[in-house]
Amino acid sequence: MTENGDATPLVSLVGVNKHFGALHVLKNIDLTVDRGEVLVVIGPSGGGKSTLCRTINRLETIDEGQIIFDGTPLPEEGRALARLRSEVGMVFQSFNLFAHKTILGNVTLGPMKVRKKARKEASTRAMELLDRVGIANQADKYPAQLSGGQQQRVAIARALAMDPKLILFDEPTSALDPEMVQEVLDVMIGLARDGMTMVVVTHEMGFARRAANRVVFMADGQIIEQNTPDEFFTNARTDRARDFLSKIL
Ligand code: ADP
Ligand code: MG
């Protein structure tokens, strides 16, 4: 149960299967994400973590099973799909900012185009969000003029500008120089504290320990185990997870 008293999960996947040709990339995935929960997904490369994220906002279709978002089965197309996409933010490894728009322009674009907000209102909100991620003084610059860590913080502000119910982070710090990782994680820890529902694919175990409510270990398209970070890191139940942890810790 969360602050707003709604005990139904924000997202639930039931018996989800997906193939890429002959490759069975998601195998009978059952998973729920509660409101306000921070779910960290870890596991070896190729295990299906990105595909899992992409199915949740329907960048990928599924072959079998059901994904229910905020009480409604995920639509395949049309207006309902557009609305769903606007309710689920996504932050990628590569920052994916619009190179020819200013930082402010990147953050106001979605609210103006999708939410039909007036420029003034969108700009005011964008500046608040840029301030929150510590970039307000760079608002008139272009993405290439910012460091990777700054660009990723802008990408987070851009996601927040749509007032999403969920933000998916797919290895948000993997492309960053090491000295810039923490500034991005700090922003994410702040969001977690503020109650944002987040699914985070990451190899940053310090983040998982500090911010995760639950860790999901995924390999070969399956959820191998899930647990609280404390239990998972000290008491992994499967050889597969113990082996993975021994390589990254
Ligand atoms: P992870 O994020 O855990 O590294 P992915 O979800 O990216 O794993 O990939 C899972 C498997 O699916 C990998 O074997 C990958 O090569 C394959 N795969 C991912 N995307 C595609 C695609 N668009 N077409 C074909 N195979 C894909
Ligand atoms: Mg991936």
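Leucine 168 stands opposite valine 199 in strand E8. That pair is my way into this structure. One caution before I go on. This is a predicted model, in which local features need pLDDT of at least 70 and side-chain atom pairs count only at pLDDT 80 or more, while totals for chains, interfaces and linings use all residues. Residues are numbered from 1 along each chain as its sequence is written, and chains are lettered from A and ligands numbered from 1 in the order in which they are written.

Some terms, quickly. Helices (H or I, at least four residues) and strands (E, at least two) are DSSP runs, numbered from the N terminus. Two strands pair if DSSP finds at least two bridges between them. In general, strands of a sheet pair through backbone hydrogen bonds, either parallel or antiparallel.

Now the whole protein. There are 9 helices and 10 strands. The C-alpha atoms fill a box of roughly 50 × 40 × 40 Å along the principal axes. What about the radius of gyration? It is taken over C-alpha atoms, and the globule rule is 2.2 Å times the number of residues to the power 0.38. For 249 residues, a compact globule would come out near 18 Å; the protein has 18 Å, so the two agree.

How much of the protein is buried? Buried residues make up 41% of the 249. Buried means that 20 or more other C-beta atoms lie within 10 Å of the residue's own; exposed means 12 or fewer; partly exposed is in between; and C-beta atoms are placed from the backbone. Next, contacts. Two residues are in contact if their C-beta atoms, placed from the backbone, lie within 7 Å. Take the contacts between residues at least 6 apart in sequence: 65% of them join residues at least 24 apart.

Back to our opening pair and its sheet. This is an open sheet of 6 strands, in the order E6-E7-E8-E3-E9-E10, with mixed pairing. The edges are E6 (88-91) and E10 (222-227), and each pairs on one side only. Neighbouring strands are turned by 20 degrees against each other on average, direction ignored. For angles, axes are lines fitted to C-alpha atoms, for helices over the stretch in contact, and values run from 0 to 180 degrees between N-to-C directions. Helix H5 (residues 148-160) packs on this sheet. H5 touches E6 and E7 (166-170), and its direction makes about 170 degrees with that of E6.

E7 and E8 pair in the parallel sense over 4 bridges. E8 and E3 also run parallel, joined by 4 bridges. There, leucine 39 has valine 199 as its bridge partner in E8. E3 (residues 38-42) then joins E9 (residues 214-219), again parallel, with 4 bridges. Valine 41 is partnered with valine 216 in E9. Which way do the residues of E8 point? Met198 and Val200 go one way, Val199 and Val201 the other, and all are buried.

E1 (residues 11-20) and E2 share 7 bridges, in the antiparallel sense.

What surrounds ligand 1? The shell is Phe20, Leu23, Val25, Ser45, Gly46, Gly47, Gly48, Lys49, Ser50 and Thr51. To be in it, a residue needs its C-beta atom, placed from the backbone, within 6 Å of the ligand. E2 (23-33) and H1 (49-56) each supply at least two residues. H1 gives the largest share, 3 residues. By class, the shell has 3 nonpolar, 6 polar and 1 charged residues. Here Ala, Val, Leu, Ile, Met, Phe, Trp, Tyr, Cys and Pro count as nonpolar, Asp, Glu, Lys and Arg as charged, and the others, Gly among them, as polar.

Asparagine 28 sits in strand E2. Its phi is positive, about 45 degrees, although it is not a glycine. Asparagine 28 counts as partly exposed because it has 15 C-beta neighbours inside 10 Å. Aspartate 220 lies in the loop between E9 and E10, and it too is a non-glycine with a positive phi, about 50 degrees. Valine 184 belongs to helix H6 (residues 178-193). Why does valine 184 count as buried? Because it has 25 C-beta neighbours inside 10 Å.
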